[in-house]
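Please consider the model shown below, with its sequence at hand. The paragraphs after it lead from the overall fold to individual side chains.

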Amino acid sequence: MCIRDRATIAAVAVGLRLDRQLDQSAVQLAQMRQQSEQLTAQLEKASHVEYVAVLQGSNTDASVLVTFDPVKRTLTLKRVGDYQEASDRSLELWALPASSAPKSLGVMGEGPLARLTAAEAEVAPAPALAITLEPKGGVPPGSGPTGPVVFKGPLLKTSL
């Protein structure tokens, strides 16, 4: 066998080996892309709680835990304790901005957990939140609170 034949055989062997390595790299890259897509999907589903408030009542041991996810535009209110409004009344959540009138963020249902929709621009500027006792269904849109403040507390930006 001459040198040229050996060189050709060596070149073919190196080429086949490089081709196999390239195929393995392509498979690994495809697996990494799939993992990346799965992690991205999980992150998108994860909650992005950025604001938290514990609203306390002055005449009761009950409180309301409020979290706000600006990405999902969701306020979550969790009753803690045994406060229950009368059947002809509703609890209404208010943003208390520093330089303007209270802004209604929605009416809580009677259950232990409530979810309300709000934009970050409605929530973020408020240093505090309050819950008032209002007529069933809450106050008419555009009007301010009419009932007593039942729960109140500061709104804190967090990194949960």
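This is a predicted model: local features need pLDDT of at least 70, side-chain atom pairs count only at pLDDT 80 or more; totals for chains, interfaces and linings use all residues.

Residues are numbered from 1 along each chain as its sequence is written, and side-chain values use heavy atoms, with hydrogens and water left out.

The chain contains 2 helices and 9 strands; helices (H or I, at least four residues) and strands (E, at least two) are DSSP runs, numbered from the N terminus. Read from the N terminus, the order of the elements is α-β-β-β-β-β-β-α-β-β-β. Of the 160 residues, 31% count as buried. Here buried means under 20% relative accessible area, exposed over 50%, and partly exposed in between, with a 1.4 Å probe and protein chains only.

Empty space within the protein comes next. Rolling a probe the size of a water molecule over the atoms shows where empty space is left. A cavity is a set of points, on a 1 Å grid over the protein atoms alone, where a 1.4 Å probe fits but cannot get out, and its lining residues have an atom within 4 Å of a point. The search of the whole structure finds 1 cavity of 30 Å³ or more. Grid points are joined across faces, edges and corners, and a volume is the space filled by probe spheres set on the points. The largest cavity holds about 30 Å³ of space. Among the residues that line the largest cavity are Ser63, Arg79, Val80, Tyr83 and Phe151. Strand 2 and strand 3 each contribute at least two residues to this lining. By type, the lining residues are 6 nonpolar, 2 polar and 2 charged, where Ala, Val, Leu, Ile, Met, Phe, Trp, Tyr, Cys and Pro count as nonpolar, Asp, Glu, Lys and Arg as charged, and the others, Gly among them, as polar.

Val80 belongs to strand 3 (residues 74-80) and, at 41% relative accessibility, counts as partly exposed. Together with Val54 and Leu65, Val80 makes a nonpolar surface patch of about 210 Å². In the loop between strand 2 (63-69) and strand 3 lies Arg73, which has a positive phi of about 55° although it is not a glycine. Most residues other than glycine have a negative phi.

The charged pairs complete the picture. Side chains of opposite charge can pair when their charged atoms come close. A salt bridge is a side-chain nitrogen of Lys or Arg within 4 Å of a carboxyl oxygen of Asp or Glu, and the count by this rule is 4. One of them joins Glu85 and Arg79 at 3.0 Å, N to O, and both of these residues are buried. Another joins Lys103 and Glu122 at 3.3 Å, N to O. This pair links distant parts of the chain, since Lys103 is in strand 5 (residues 103-107) and Glu122 in helix 2 (residues 120-123), 19 residues apart. Lys103 is partly exposed at 39%, as is Glu122 at 27%. Lys136 also forms a salt bridge with Glu110, with the closest N and O atoms 2.7 Å apart. Lys136 lies in the loop between strand 7 (128-135) and strand 8 (149-154), and Glu110 in the loop between strand 5 and strand 6 (113-117), so the pair ties together parts that are 26 residues apart in sequence.

Methods
Patches are made of residues with over 30% relative accessible area and no salt bridge: like charges are joined within 9 Å, nonpolar side chains (Val, Leu, Ile, Met, Phe, Trp, Tyr) within 5 Å. Accessible areas come from the Shrake-Rupley method with a 1.4 Å probe; for residues, only the protein chains shown count as cover. On a 1 Å grid over the protein atoms alone, a cavity is a set of points where a 1.4 Å probe fits but cannot get out, and a pocket is an open set with protein on both sides within 12 Å along at least five of seven lines; lining residues have an atom within 4 Å of a point.
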